[in-house]
Amino acid sequence: MKDDLNIVGKRVVRSDSLAKVTGEARYTADLQFPNMLVAKVLRSPYPHARIVGIDVSGALKVPGVKAAISGFDSYGVKWGVFRYTQDHAMLHTDKVRYIGEDIAAVAAVDEETAIEALSQIKVDYEPLPAVYDPIESMKDGAPQIHDQYKNNINVHIHIDVGEVDKAMEKAFLVREDTFTAAGEAYAMMEPYAVVASYKNGYLDLYMPNAGPHVRAKALSNMLKLPLNRVRIRHINSGGAFGGRSEVAPGDLVASLLAIKSGRPVKLVLSREENATSSRQVHDIIATIKTGMKKDGTILAKDYKVIYDGGAYSSTGPIATSIPFYVYEECYRFPNVRYNGYRVFTNKGIRGMYGCHGRAFLAGNEAQMDVMAKELGLDPMDVRLKNGLRAGEVTATKSKITSCGLKETILAAAEKTNFKKRWAKPSKLKGVGMGCVAIMCGFPMGFRSGSSCYVKINDDGQVTLVTGLVDNGQGNESMVIQVASEVLGVPMRDINLVCADTEVTNLDPGAYSQAAAFVGANAVRVACENARKQVVSIAAEKLGVKEADIGLKDGAAYSMKDPDKKMPISWVVREAFFRGEPIVATGSFFPNIDFEREWVTRPWGQMAGTFSFGTSVAEIDIDAETGRITIPRFTSAHDCGRAINPMAVEGQMEGSIQQAGVAAITEGNLWDKGHLLNPDLLEYKVPLACDMPDMDTIIISSRDPAGPFGAKEGGLTVRMNAYSAVACALTNATGELFTELPLTPDKVMKILERKKGVK
Amino acid sequence: MKTTKVSFQINNENVTLEVRPYETLLETLRERLVLTGAKEACGMGACGACTVIVNGIPLRSCLVLTPEVEGADITTIEGLRQNGNLHPLQEAFMEKGAVQCGFCTSGMIMTAKALLDRNKKPTKKEIVRTISSNICRCTGYKKIVEAVEEAARKTR
Amino acid sequence: MMVLPKFEYKKARSVAEAVTLYKQQKGKARYLAGGTDLIPLIKHRLTTPRTVIDLKGIGELKSIDRRDGWLTVGANVTLFDLKNDPVTGKYFPALYESLDATSCETLQMRGTIGGNILQDTRCLEYNQSLEWRTARGFCLRMGGSECNVVKGARTCFANYCSDNAPALISLSAEVTLVGSEGERTVKLGNLFTGDGVKPFALEAGEILTQILIPMKKTKGAYEKLRVRDSIDYPLVGVAVSAAGAKAKVCVGGVGLAPQVYDLKNAGDAAAVKEVADKASTDSRPVANATLTPAYRKKMVGVLLKRAVKRALAEGK
């Protein structure tokens, strides 16, 4: 692998940051178009009810209202990520299944008028019995939420590798525990917003999204419009974390209103609506049984995990699987059985989340520590012993090509003096370690790859065109940096056109950890193809061999005789003269087994590569109040190679906040079907004063297929930081957690349990 | 309902507007003056994304009625650049990697600016306390704190 | 955007003018100070005034003065300014700590001490949008028949979440109220009715104009239970102020009114424990905040002991 890089690996200023620090960056709610209308949505006040009738005519009588719609104005096409999960029409006409579900909507000249008009819509409901607890929901006789899913079981993932029962019998130590976790709120700072307009049979949309192409496809299906008549354009996204992966009811609502009114329509959700009616995160109940040899080798794992899915399928099969996969991609399981159930309840729809699966992952890791302690072993050694290495194959047959797991464990342990501190915890102070692996992309059929088009313009500046999406993590800047490296053109001279379905090609999107490994790889290939054209002309003009040509600072030069050089703009102009302008395409398609299917065939190569990471949390518990503080947090992440180390650190630090500190603060609170904290006051996103001192360590395993060796840039921390906190609690108290988040009331219960207080 | 006339100075310009008496400053900024740098992330004063500086005080503009700012001197993120030059906080936020999705950024910078305007040499602890008024979902705040420290050094 | 319902805006230049304006609105008015409590309430349609009367233009409410053995604090003084007044830290450490623990710095710079005292009580099922509350069904306080948190209860269990009222009560503060019937001064501790629908013993249109604190050097502390170290309201708040061995303890954050306890000898651990146990027993937290009621009840005692200990610690 080439190591003498000019810009890849440098701490560069992100290309998007100037617009963001000046307030000039435009987000969807900032858009204003002539004649634009404001939309508002009427939502279900019932958790479960039959719709007897919807009458929007009253709304249309309110002066200033230009359109009013309900599900009766749509085709009723049900969307699903998979053919077998098509159950969400976005605007239903038969039933509502959660409080906050979209029923009808209006578009008016201003917000006040729209609010007034909503009150004039008449909906007749016939309330139905509702169910809120997934265990209750699975029982015979529970209210049936969808006809086609018996016992409200939306998805059952069954994986069975080796001989689990036999192995459990052979194991020296077997332990079974159950862990639960409250679902989180995505709490991205930008609430969902959409602007739609419809002209000449073409629909044009802006919204923060993680994949414009799949979104356009869904809308074309639901609106029965040809795909080329639905355009989703680029706009800044104020965070996503998995919460913008799918088409949203608001996309359909705004589209219908724009079509009906013939005017641009803007719909912006309130913070409350964003919490109740966009996506939420699964509450999880994970039962984990582990069989270990005396030396700490994991012999078998047997899992039953129940995911509270809310009212619709969403990304169901994926969400029901991912926590298991990110764990089996980290450790060697010769025998493993996984039964994952996603169960419907009359609550908001649950989607994928960057920190998805905390009950399962933290439960596994904390249980491992208890077992290690019982065997007289050190948790770090147990992790090293069971950790996968490059060249190995996971239980479900994914080959690991590059692997820095061991290095992340050792680095994090050394930095924190882990072994010594774990062995002798001082009173109510603990350290804990969490590990995980992340797939960089996953099977999405023909959408799994990315392609890029690049042209070099007459002044030597570059235009990149790619489907890649940035939800705030810095993907746009990353690919500009990659192009800069390959073409020797400064970042400021590279313009990016991205995430616009009309202009750009398919890309896996910003929800599958594939932006660096797949998206940036396509950019690299395209730029290398363009580079060949530049080098060929430059070599001819400078009279040197092609192999001797270097590109740097916007110029081509002879590496042997650097005085021989010419600006790339001259090369480009020469190319124009020849009638062969410098344009190139490039694509990257990861090595994935496309026979693999989440439910029916859960084995085969999951992704082109995997990232690995280890976090170590140091916690103090206040004996009197049960309050946990986290003075220090250390995370080591194998990202293959950091394209922009500053951005990777930023991802890791954000993950420590969103998964690690969140493990003591964040969780949705419910009273039946009512979300009690749909705001940013009672939903506790950690603040600056709540943050630990953070050490981030970047490990570079240099993936053979990644762009300059890169994999994904920080997600492991998002899925191991809570484990580190849970393990630290176990180290400090000798007790396992049973429920996340570890708010002081729950910690107090653990301390009382330890003391034997009832 | 009648509108009411309000005059104030914004980013060194005098404006006089007819506004609804129950209009928030955030609405006026975003919809009348098309200064969309201040964001509405919660609308309830819980997050700080709409922070602007009014008479030297950082205010959550979603909690302020526009008639309340009669005669006030207001600075928004759009007014930070002087003669085309970025404010040291803007530079530092870029250089330190303190910006990710950017939705909290303008509120965060305005909150930090009000601190630096009243305290040229804030300690790290003071910076942390000040920016604990604002929610950021992306960064873990470390690089934001570093950026404010860096800007304070540069300003001195 | 989160738009407000229609109302008129009036700015008062004097207390008398404000009282007159209020009277003209026949009870359909609300006084506005910093707005950090009122504006969210209006956005949620928990109060729908026809007129909002802005008190911030009243200069006489903005000063902090020492006279006749009292510190007189105008109701419009911001929490931040009061915190940073050297007298506060030097004489009233409990108040200094409660001000410092209130919400976050930015809101301290906007919120006023008068507004902080007269903030509405809070409940997870109350501080919600009109749509949310309509779906849930109105509770007792909104005109429904029972409490939504404690089924069948015909009383309100909302929490009074001012951090500073408990501290001021521990300092035996009084407040001056001005209304159309004239001026009166009452003990701050007597301002609370314990009635969820009308938590303050104020006549219609009365304005809290100033807070009077006996100008006596105290030792003190404020302990606050919260999940995050900024922005959050108290889940329990305990203020202690001591002069000599005698101390006054005030518990807030649980229930409609702060509870006051006298400690004859704050240095007597057994006496402190007795008061802590009593305070914990007296408190009736219910499941209307983010931590469990049983835990909050326990923390009343724990934080009380902690506050007393810290208040009396050397160097305070």
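Predicted model: local features only at pLDDT ≥ 70, side-chain atom pairs only at ≥ 80, totals over all residues.

Colleague: How is chain A divided?

Modeller: Into domain 1 (17-24 + 444-588), domain 2 (31-128 + 193-239 + 244-271) and domain 3 (280-443 + 596-755). The bounds come from an automatic or database domain assignment.

Colleague: What area do domain 1 and domain 2 of chain A bury between them?

Modeller: About 1500 Å², with 52% of it on carbon and sulfur atoms. On the domain 1 side, Asn471(A), Thr501(A) and Tyr511(A) supply 41% of the buried area, more than any other three residues.

Colleague: Which side chains meet in a salt bridge there?

Modeller: The rule finds one across that interface. Arg231(A) and Asp500(A) meet at 2.8 Å, N to O. The rule wants a side-chain nitrogen of Lys or Arg within 4 Å of a carboxyl oxygen of Asp or Glu.

Colleague: Switching to chain B. How many residues does its contact with chain A take?

Modeller: 44 from chain B and 53 from chain A. Contact means heavy atoms within 4.5 Å. Chain B and chain A bury about 3800 Å² between them, 56% of it on carbon and sulfur atoms.

Colleague: Which residues of chain B lose the most area?

Modeller: Met94(B), Gln100(B) and Arg137(B), together 22% of what that side buries.

Colleague: And how many salt bridges between the chains?

Modeller: Seven. Glu24(A) and Arg81(B) meet in a salt bridge at 3.3 Å, N to O.

Colleague: New topic. How many aromatic pairs are there over all chains?

Modeller: The count is 27. Rings of Phe, Tyr and Trp (its six-membered ring) pair if their centres lie within 6.5 Å; planes under 30 degrees apart count as stacked, over 60 as edge-to-face and the rest as tilted.

Colleague: Why is the pair Tyr327(A) and Phe360(A) edge-to-face?

Modeller: Because their planes stand at 80°, with the ring centres 6.1 Å apart.

How values were computed: Residues numbered from 1 in each chain as written. Chains lettered and ligands numbered in written order. Heavy atoms only, no water. Buried area = accessible area lost by both parts, 1.4 Å probe.
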